[in-house]
Protein chains: 2
Amino acid sequence: MSRDASEPRGPGRRPAGQDTRGAVLRAAREEFAEKGVDGASMRSIARRAGVDPGTVRHWFANREELVAASVIPRELNPAEQIRILSAPGLTGLGRRIAETVLGAWDEEGGPARFRILVAGLSSTDMHDVLAPILERSVIPTVSDLVPDPDPRRFVLVLNLLGGTLLMRHVFRIEPTASLPLEVLVATVGDAIQRALEDPL
Amino acid sequence: MSRDASEPRGPGRRPAGQDTRGAVLRAAREEFAEKGVDGASMRSIARRAGVDPGTVRHWFANREELVAASVIPRELNPAEQIRILSAPGLTGLGRRIAETVLGAWDEEGGPARFRILVAGLSSTDMHDVLAPILERSVIPTVSDLVPDPDPRRFVLVLNLLGGTLLMRHVFRIEPTASLPLEVLVATVGDAIQRALEDPL
């Protein structure tokens, strides 16, 4: 939480220096978990965080931004992250992607965040949050490295990652649920690599 | 719905001959969609279906049975189904599994059912419904056909199927969301086959 202390402070009723942005995020996660993404409003989140709605809007321009910040672990910028992962080239890319994505959701609080993300299912918000990230930044960046960027390759890559998180954190089905993270990363990472490179 | 008419009728307030079991299932799906699997009770489902709780229990011994019947399409018996799919042997098994699983959820009402299934996420019920089917019947049956039934193979198979349903019906992320079913079946089916057979 110390990183938030160095960020600019927003307006609101909380004493100066407190981690207002973090408090809004925690309140948002609780609201989404209880009421679903559709059931939670900027206003109800503000109330829970003990700030006024303007403060929430100071940190998060709209609901989509707040949802994204609530469910994406470690406040990564996914577009930036995929550029970093892709920089060394195609060799080993599968494991690098698996380690980053699966590792992030394996952190403390990660499983709960993935469940919030999935709980947004009845809403179009979640699609609006994920689609730009995946369709407009992750896939094009990886496509540049793949000699034959057939869309079917990305079907397999994205579905493997999504399915692994679903089975591990939501359905908790073996053998995925309790496999050590490094075994899971190697297994899923190598399958991603084959999906990117192997003849179709 | 005509198939239900030939099933034994249960007690309750509904006129004889009506599709009581079907009405209970429809009420259960509505309740689960609105309140989540944890929020719905046998009693609230009975009330919505216009029957007494004893009638619900006549058809579904407990909540787990009702949840399973609500989310599994076409009222398949998964243990039986996997035996049928496995009978011709390992050749082509990946596509047969993909066609059955992805095809069933692609039917009318299938996406909504998958969303109900995923919405049960905060509950241990859904784990109790899925774990016995997958861990105790599907995996052992397929294991018998695979020369090297390493658990990592089933990590990939189950996660591919789960992830495909998640991306297609819940997050609706391209390219999975709108790929024709036969292309999806071939792509995911061949990846399943490789996961079952290729050297690890």
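A salt bridge here is a side-chain nitrogen of Lys or Arg within 4 Å of a carboxyl oxygen of Asp or Glu. This is a predicted model, in which local features need pLDDT of at least 70, side-chain atom pairs count only at pLDDT 80 or more, and totals for chains, interfaces and linings use all residues. Residues are numbered from 1 along each chain as its sequence is written, chains are lettered from A and ligands numbered from 1 in the order in which they are written, and side-chain values use heavy atoms, with hydrogens and water left out.

**Stop 1: a pair within one helix**

Select A:R83 and A:E80. They form a salt bridge whose closest N and O atoms are 2.8 Å apart. Helices are DSSP runs (H or I, at least four residues), numbered from the N terminus. An α-helix has 3.6 residues a turn, so residues three or four places apart point the same way.

Are these two side chains buried or exposed, or in between? Buried means under 20% relative accessible area, exposed over 50%, and partly exposed in between (1.4 Å probe, protein chains only). A:R83 is partly exposed at 46%, and A:E80 is partly exposed at 35%.

**Stop 2: a pair between two helices**

Move to chain B and select B:E31 and B:R48. Their salt bridge has its closest N and O atoms 2.7 Å apart. B:E31 sits in helix α2 (residues 20-39) of chain B and B:R48 in helix α3 of chain B, so the pair ties together parts that are 17 residues apart in sequence. B:E31 is buried, with a relative accessible area of 3%, while B:R48 is partly exposed at 32%.

**Stop 3: one more pair, and a network**

Next select B:R152 and B:D150, a salt bridge with 3.1 Å between the closest N and O atoms. B:R152 is partly exposed at 31%, whereas B:D150 counts as buried at 17%. Then go to chain A, where salt bridges that share partners join A:E30, A:E31 and A:R48 into one network. Over all chains, the structure holds 14 salt bridges.

**Stop 4: a buried alanine**

Select B:A46, in helix α3 (residues 42-49) of chain B. Its relative accessibility is 0%, so B:A46 counts as buried. Which residues does B:A46 contact, apart from its neighbours within four places in sequence? They are B:V51, B:D52, B:P53 and B:V56, where contact means heavy atoms within 4.5 Å.

**Stop 5: where the chains meet**

Show both chains. The contact takes 42 residues from chain A and 42 residues from chain B. Chain A and chain B bury about 3400 Å² between them, 76% of it on carbon and sulfur atoms. Buried area is the accessible area (1.4 Å probe) that two parts lose on being put together, summed over both. Select α8 (110-119), α9 (125-143), α10 (151-170) and α11 (181-197) of chain A: each supplies at least two residues of the side that touches chain B. The largest share of that side, 14 residues, comes from α10(A). How many salt bridges does the rule find across this interface? The count is 0.
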